[in-house]
Amino acid sequence: MTYRRYKTLTIILLIVTVIALLLSAVMLSISRGAAAASGEPENPPESATRVYYTPKPAPSQENSETEENQTEGGFLVTIYRGGIGVFQPGKSVPVLTKNAEVYLLPQEDIKLLRDGIWARDLSHAKEILEDFD
């Protein structure tokens, strides 16, 4: 094999390798983004000894005023792109967002966020967001 042919083959293999690495990185980021958006963990937690808690009383108590808040124009706190978003009724863009790893929350909290938690005003919505720190 001549030097020139060896050099050409090496460059071709190098280009193919770089393309394969780039495709792998793109596919991995897409799959992680999809897992984060669904609110589900990509992989189960590695350690079974993790303990999660909600610092304040369960947000389900906040959800008891759903009908009142909808008519008064409250705010809806729910899952948004793998985090938590605060929405005004009828709007598709959140007023506030919190980059939280929702899948790490207890299942009860994830269910509440999927169903949506109604807040009477923006300060109440901020309090609910703080519950998920």
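**Sheet, helices and an aromatic pair**

User: What kind of model is it, and how is it numbered?
Analyst: It is a predicted model: local features need pLDDT of at least 70, side-chain atom pairs count only at pLDDT 80 or more, and totals for chains, interfaces and linings use all residues. Residues are numbered from 1 along each chain as its sequence is written, and side-chain values use heavy atoms, leaving out hydrogens and water.

User: What's the strand order in the sheet?
Analyst: The order is 3-2-1-4, in an open sheet of four antiparallel strands. Strands are DSSP runs of E, at least two residues; helices are H or I, at least four; both are numbered from the N terminus. Two strands pair if DSSP finds at least two bridges between them.

User: Which strands stand at the edges?
Analyst: Strand 3 (96-98) and strand 4 (117-119). Each has a single partner strand, so one side of each lacks a neighbour in the sheet.

User: How many bridges join strand 1 to strand 4?
Analyst: Three. Strand 1 covers residues 75-80. Val-77 has Ile-117 as its bridge partner in strand 4.

User: And which strands does helix 4 touch?
Analyst: Helix 4 (residues 122-131) touches strand 1, strand 2, strand 3 and strand 4. Contact means heavy atoms within 4.5 Å.

User: New topic. Which residues form the aromatic pair?
Analyst: Tyr-80 and Phe-87, 5.5 Å centre to centre with 75° between the planes. That is edge-to-face. Rings of Phe, Tyr and Trp (its six-membered ring) pair if their centres lie within 6.5 Å; planes under 30 degrees apart count as stacked, over 60 as edge-to-face and the rest as tilted.

Note on methods. Axes fitted to C-alpha atoms, helices over the stretch in contact; angles between N-to-C directions.
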